[in-house]
Amino acid sequence: MNRRDFLKLSLLAGGLAAFPGLIPSAFGAVAVARRTLVSVTLGGGPDFRHLFPPTIAANEPADSYAMRWWTARASSQGIAADQRNRDGYYQRFNSAYQALTLPGTAQPAGIGMLNRCGWLKEQWDAGHVAVIHNVVGATSRDHSHSLQVMDQGDRTSAPMERKPGWGGRLVTALGGNARVGALTRAPRPFCLGPGAAGHLPTADRVISIANSRALALAERSFLPTDPTWKKVASDQVLARSLKAYYAGRDFAADPVLARIANHEKVLRALSGGVKARLGSGDTAATGAVLPVPDAIRALYAASAPYNSRYWGGQIRNLHDVLALNGIVDAPVLSMEYGGWDTHKQQQSGIEGNLEDLFAKGRGFDTLWPNLDATSRRNLVLVIYGDFGRQLASNGDGGTDHGRGNAVLVIGEDVRGGLYGDPFPARETALFARNLNDDIQGLTGIEHVFGAMADWVLGGDSGTTVVNRGGGLLESGVALDRLFV
Amino acid sequence: MSEACKGGVRVRFALVALTCALGLAACGGGGGGDSGGNGNGGNNGGDGAVAPQPTPLPASSALPAMATAQWNETAVRNILHTFAYGSQASDAQIQTWASMSPQAAIVQMLDFAPFNPRLSPATGVSGIDPLRATGGTLTGLARYWSGASSPLVPATRGAFDLTGTWSGLTRTGLQAGMTPGLNPFLHRVLFWETNYHLAVNQEVDVSAAQIAAYYDTLLQSFAVGDSYSRSLARAAMSAAIGRQYGHFRNTYDNARGVFRGNEDFAREFHQLFFGILGTTQPEDATPRAAGEDSYHEVVTVKNTARLLTDMSEPSDHATELVFGTALHHQAPLEILHAQIAGATARDKLLALAEVAIRHPESEANLPVKIVAGLANDRLGAADIAELRAYWRGMGQHKSLLDFLRAYAISRQFHDPARVKYLTPLERNMVLLNRFALDRRESELVNWYSGIGLVTWEDGFNPFSPTHNVFGHTTGEETSLAADQFRTVYNRGVDGLWRLARVDGEGNAEITAQAPGWEKRWDSIAPRDADGSWRTQRVAEWLWRRFIGGNAGFGIYERLYVYALLGTGRDAGYYCTGNGAAGTDPDHVFTDADFTPGALGTRCLDTLATQPVDLANPDVALRKDANRRIAYAVAFLAALPQAQVVRGE
């Protein structure tokens, strides 16, 4: 009996359950055996400058970058009109943010981090968070096009152009049985792999897990000794008809239908292993062999706001797909969280979202205790959105579309710190121009995603996943040092 | 009479005047005013009668039509499945359309009148159809289904109230797409407009009444034949869009020259509504001055934001905006290299739309967006070139209706390379439209339940688009989602009860709403020459009815459907012994079973001629036969072929 089964049986027997404080918080139910990349798409254009603003001092000079930034961002920070002065900005920073030091040092990093993001702060302090600044994908400031460019990892993609996603290309480069695990409602274009020559991208290497606890196809069973009426009950008849039809009919010659029919094959192939590893339901009481941890289950409870529920469901899927190690080979995973298009009342909207992702007791923090040391080393998160926002807030307490933005990379294998200039001096003169000025893109996404591909592949991915030839790279940024 | 409807009296079309006279909300959206269009094509007599033959669609060299020789019943059904949720058109009507020229048939099939009796006859309704008094608008329909004269049981009516439960808008919107006597093509297009192209989201503080008014504004605009640019302008000035993007709060201080607000819709008016990104034309992409961003960003977007000022809600979540002048940028504004003048945001939006519709990026992108959204996930370069040529050729007055008609009869639409995966909404609407046999059945709303299938089971919530203003779940996304497949598949087993009911026995609601109701497929199912119903003919008819054409009904599909229809049992059980010793219910038929003389071949032959006694005087036998149709339909609905439409 392994340790996990022992603990589970103990809990079921009521032994440790009576003393919850004795239950280890990290019992390692989830084992990640190989390097695994989790791509998190924040749809809408997340304002990472709101998460990481410049620090401001009590005696901040009026012409400093920080002072101009806070002046330009006062309304999107939710600072009352009569508090829009140095004291007000300083007070806001001190109440809502913590000043960061560079990992492993006492040296101020010059940026703050939102207090509510306690888990992210822990990861930062441990040196596991890299913030890559001034990254650019599309420059059209159009959501659809920009997301498409990020999914495809290709800045040359034209609007509505069909290309494989960089996640799909990455698992193709990995070869073998590697799949992209889509933990979202529907797989993002990020997941699609290259089609045959002259053909559109394909979903052949995608495994779609929108609800890891509801993967089973309807089946009915009967005993040979059952009476005839039971054997030919209508639901029995339909269950057998469908199962036999899908088993016997070969759709390979028709890729359009095969895409759909393939779901039946995948779900049926998974069902035995998933049932054995996870059981059925979310809790032991409902038949789970590996119950969803309570903290994760709370994320998608009916009482949670809808967006949080959807995100919470993906955290459950992530927990489960990692727990299905050996059954599902998905070294690339895809998650998403929408609602970042903060044109109005940004402060309340974005901070709730950030809390869902990064607060203690929320998002990734609920997953982390379930990972053992090896798993934590083998897991990296890369978090990005369509584009960044403009330097100054608008007249509605929000921010409008920009281009350049930051990308977050998190994991124990990551060399934490700041990559690129978080607050370029050129911006100082632009805050008050009212000409929709934004973050200048200095590093192309190809360099960031290329570094991710190198890490997953364990070597130089060359141009097999993304084309880094002639790409943009900010002076002084060395993404080949992104991982330890 | 409301201010909005005062505008309506100037409208030339009797339909709109009738709608306003009934006090319905269709005159909203701030558009009002004269229509620049040529009407909706006119299938709809004012008294509910079918109007005479409208003028055939002119031939187009830009978007070539399929040859008349190839125009047949399959082609007609293909159009109906793609554009009209399958429709409720009768087999006779479909054959009539197939016998006409495509240009003559299409103007009958697809029009924007609120009622199209050929496409959607009010089957089972005697006397004056009460839906006529609703004007066919969502607001009117919600009032009817939730009101005192509703055919629904009292306990259900409140669920259709737009001001009541959260689901009123969802239920009404779904019911509009599946009720015989309306126009499923119109609602299909309106749903796409309001949930994909010009999407609003009731999850972000846009009220159900605002969305319904917005939907109805577009409905009226389409019905009177507005140009597409005018329809888009009317959408842009709606309260729902104002609330969605927040510009109903935007102001301009003319004395100080200060704009206050956000630029969200200033950008999306161009990007989402018209397809203008400002990136391909040098005059847009080039900065006005050194050190600035592009002209599009600094001039077009910023001035559009100034245009969208003083368009406020007179009361919280009002369904119509009020267009003022005091806080509006009064001077003309340079946008898209044109001077846009007008006293109010409304006036300027109408003017700006006429410029935007001719912008090269709009003329390139908008037709592609429309067809990709409604009908084709696999547009190729040649297809796109044709679409653009046709669209551009319409000049200033672009007719969405003419465009969709021309596309629906085009060679490229009927090319087998065309593929459109169905969204959960489209898939379920086709099923419900083809399964409910008359008005009474379609209004068994807790049984043939749009909200039950689409929202609760498939997780697709109308008017709450998953990607917010960037649109709802697409067919392409649906096809990639294993969970969607699982839902469809499992419904064929776990949800069989919904389809298999053939009477109201034991159900208080059905008994109260439709006393004596019995599902009777004999009213429409085709008979053999001897007057009886037999498996093969009925099965082929079901395939056409639910899948859309004749193609693809192969030996595997036939075997399982024949067994269900002819015996009520599965092919494995029936063909291997039907309960006798040696019966193997789990037998999987493979190609080897369909060689001459093999088990599958022999069983197919036997099953093909089995009687399906849909009108047997013995009630139990008759109900059993009708129940077997439900089994066959449940099976068909769980196949990949029911989740996609494609050229034939």
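Biologist: What does the domain assignment of chain B give?

Modeller: Domain 1 covers 226-398 and domain 2 covers 521-646 in chain B; those bounds come from an automatic or database domain assignment. This is a predicted model, where local features need pLDDT of at least 70, side-chain atom pairs count only at pLDDT 80 or more, and totals for chains, interfaces and linings use all residues. Residues are numbered from 1 along each chain as its sequence is written, chains are lettered from A and ligands numbered from 1 in the order in which they are written, and side-chain values use heavy atoms, with hydrogens and water left out.

Biologist: How far apart do the C-alpha centres of those two domains of chain B lie?

Modeller: 54 Å, going from domain 1 to domain 2 of chain B.

Biologist: OK, on to the interface. How many residues of chain B are in contact with chain A?

Modeller: 70 residues of chain B, and they touch 67 residues of chain A. Contact here means heavy atoms within 4.5 Å.

Biologist: And what area is buried between them?

Modeller: About 6100 Å², with 60% of that from carbon and sulfur atoms. Of the area that chain B buries against chain A, B:L480, B:Y489 and B:V493 supply 12%, more than any other three residues. Buried area is the accessible area (1.4 Å probe) that two parts lose on being put together, summed over both.

Biologist: How many salt bridges does the rule find across the interface of chain B and chain A?

Modeller: 10 of them, counting a side-chain nitrogen of Lys or Arg within 4 Å of a carboxyl oxygen of Asp or Glu. For instance, B:D293 pairs with A:R403 at 3.4 Å, N to O.

Biologist: Which helix gives the most to the chain B side?

Modeller: Helix α25 of chain B, residues 482-494, with 9 residues touching chain A. Helices (H or I, at least four residues) and strands (E, at least two) are DSSP runs, numbered from the N terminus.

Biologist: How many helices and strands does each chain have?

Modeller: Chain B comes to 32 helices and 8 strands, and chain A to 16 helices and 11 strands.

Biologist: Last topic: what is the radius of gyration of chain B?

Modeller: 26 Å, which agrees with the value near 26 Å for a compact globule of 648 residues.

Terms used. The radius of gyration is taken over C-alpha atoms; the globule rule is 2.2 Å times the number of residues to the power 0.38.
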